[in-house]
2 protein chains.
Amino acid sequence: MKTYVSDAVIKRLPRYRRFLKSLKEQGTDKVSSKQLGEIMDVTASQIRQDLNHFGGFGQQGYGYGVEELGDRLGEILGVDKTYNVAFIGCGRLGQALMNFLIANEPNYKITALCDIRPELQGREIAGVKIDNVEDFNKKLIGGGIDIVILTIPADQVEAVRDLIEKSDVKGVWNFSMTEMVIKGKKVMNMHLSDSLQALTYYINHPD
Amino acid sequence: MKTYVSDAVIKRLPRYRRFLKSLKEQGTDKVSSKQLGEIMDVTASQIRQDLNHFGGFGQQGYGYGVEELGDRLGEILGVDKTYNVAFIGCGRLGQALMNFLIANEPNYKITALCDIRPELQGREIAGVKIDNVEDFNKKLIGGGIDIVILTIPADQVEAVRDLIEKSDVKGVWNFSMTEMVIKGKKVMNMHLSDSLQALTYYINHPD
């Protein structure tokens, strides 16, 4: 059975998983939706509704198994598997995100790097050489890359869209401040401005 | 009258504004909720509901004025004003975000910088000197900083919490991969992992 799960629910799953991980590290075995809701500042009913999309977890009045639920969420998200990642753009933001993956998300393996700037080509980051466009394109079309991380300026995006569409890349994590849509690919458009502007709303509307 | 507007609505406003800006650049004067919904891939009814939280825009059957609605959303968000911003952490991620502000969000003025690494102290970025902790703390407590951008590792966050709480900083844009709560301050916790993991869900659940 395939049921539709809203984007809002999917985007909340990693946060549940983070809090469960931290509870596990503190030695907690069981947690009720009420307790979890309190530490996460959401309602118990939202937690129950969100998790019900993926079948039953825990027993009424008994709570969730912290480790079991965390592991199950990891499986649902697919973060228990490993992924080959390519960066297009190896400037400061690209390098910062490489550091982030190495420190926080080791299941995402940095496999290929590309930058149009000749002075960066040939340099190694995390043991991976920065390719020129030609060599990189061959690698990408050659297959084996699951996710492309785009950290190039917005005006360079059109030049890589076709390449990504032709490849068997499955997903694009797009930091190029564009709204990218690529046929047959999942794209997560990261608009840093949006969250800064939402923060700005909140500082202008104190409780 | 002060009505409660959900986080989900607030987080969508900057996206509406981006699309309106792009319509304006294309020379479009009026847009219906149906047309806007089509280019943004959301329903017309969601657009109308979201905007109704902030009073009436446009006339039934007549559409929204593109420039007027964009400007009004800017006022609601408060992004028509300028803000003084301080960075705690001037590594790659901090520098990438400084570049981002300069290129995309010039109303957020880089005013003070701090890093605990002596080799970075005294260097200038965007015409602002990187302070040591002591000098920076004086500046922050001295007032005039609206937003702190945190780009330090998670284990350094506790050391700056008190300082921020004592200051008259209004908001924190937190990239330190922690869930920070500071009494009396608005905090936007940016968890890069959450969006990467949501993308991972989508590549594992093709349509």
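Two residues are taken to be in contact if their C-beta atoms, placed from the backbone, lie within 7 Å. With that meaning in place, I turn to the structure before us, which is a predicted model.

Let me begin with the place where the two chains meet. The contact draws 38 residues from chain A and 38 residues from chain B. On the side of chain A that touches chain B, the elements giving two or more residues are helix 1 (7-25), helix 4 (66-77), helix 5 (92-104), strand 8 (171-174), strand 9 (186-189) and helix 8 (192-204) of chain A. Helix 8 of chain A contributes the most to that side, with 13 residues. Sorted by class, the side of chain A that touches chain B holds 20 nonpolar, ten polar and eight charged residues.

How are the two copies related? Chain A can be laid on chain B with an RMSD of 0.0 Å, through a turn of 180 degrees and a shift of 0.0 Å along the axis. The two copies are thus related as by a two-fold rotation axis. Of the residues of chain A, A:R92 comes closest to that axis, its C-alpha lying at 2.7 Å. The copies also meet through the same surface, because 100% of the interface residues of chain A are interface residues in chain B as well.

I move now to the fold of chain A. The domain assignment of this chain gives domain 1 (7-76) and domain 2 (83-193). Taken over C-alpha atoms, the centres of domain 1 and domain 2 of chain A are separated by 32 Å.

Chain A has an open sheet of seven strands in the order 5-6-4-3-7-8-9, with mixed pairing. Its edge strands are strand 5 and strand 9 of chain A, each of which pairs on one side only.

Strand 4 (residues 108-114) and strand 6 (residues 128-131) of chain A run parallel and are joined by two bridges. Here A:L113 stands opposite A:I130, and A:C114 stands opposite A:D131. Strand 5 (residues 124-125) of chain A, by contrast, pairs with strand 6 of chain A in the antiparallel sense, again over two bridges. The bridge partner of A:I125 in strand 6 of chain A is A:V128. Strands 5 and 6 of chain A form a hairpin with two residues between them, and A:A126 in the turn has a positive phi of about 50 degrees.

Helix 6 (residues 133-142) of chain A lies across strand 3 (83-88), strand 4 and strand 6 of chain A, and it runs at about 140 degrees to strand 4 of chain A.

Finally, some details from chain B. Four bridges join strand 3 (residues 83-88) of chain B to strand 7 of chain B, and these two strands run parallel. In this pairing, B:I88 stands opposite B:L150.

Technical notes:
Residues are numbered from 1 along each chain as its sequence is written. Chains are lettered from A and ligands numbered from 1 in the order in which they are written. This is a predicted model: local features need pLDDT of at least 70, side-chain atom pairs count only at pLDDT 80 or more; totals for chains, interfaces and linings use all residues. Two strands pair if DSSP finds at least two bridges between them. Copies are superposed by least squares on the C-alpha atoms of residues with pLDDT of at least 70 in both. Ala, Val, Leu, Ile, Met, Phe, Trp, Tyr, Cys and Pro count as nonpolar, Asp, Glu, Lys and Arg as charged, and the others, Gly among them, as polar. Domain bounds come from an automatic or database domain assignment. Axes are lines fitted to C-alpha atoms, for helices over the stretch in contact, and angles run from 0 to 180 degrees between N-to-C directions.
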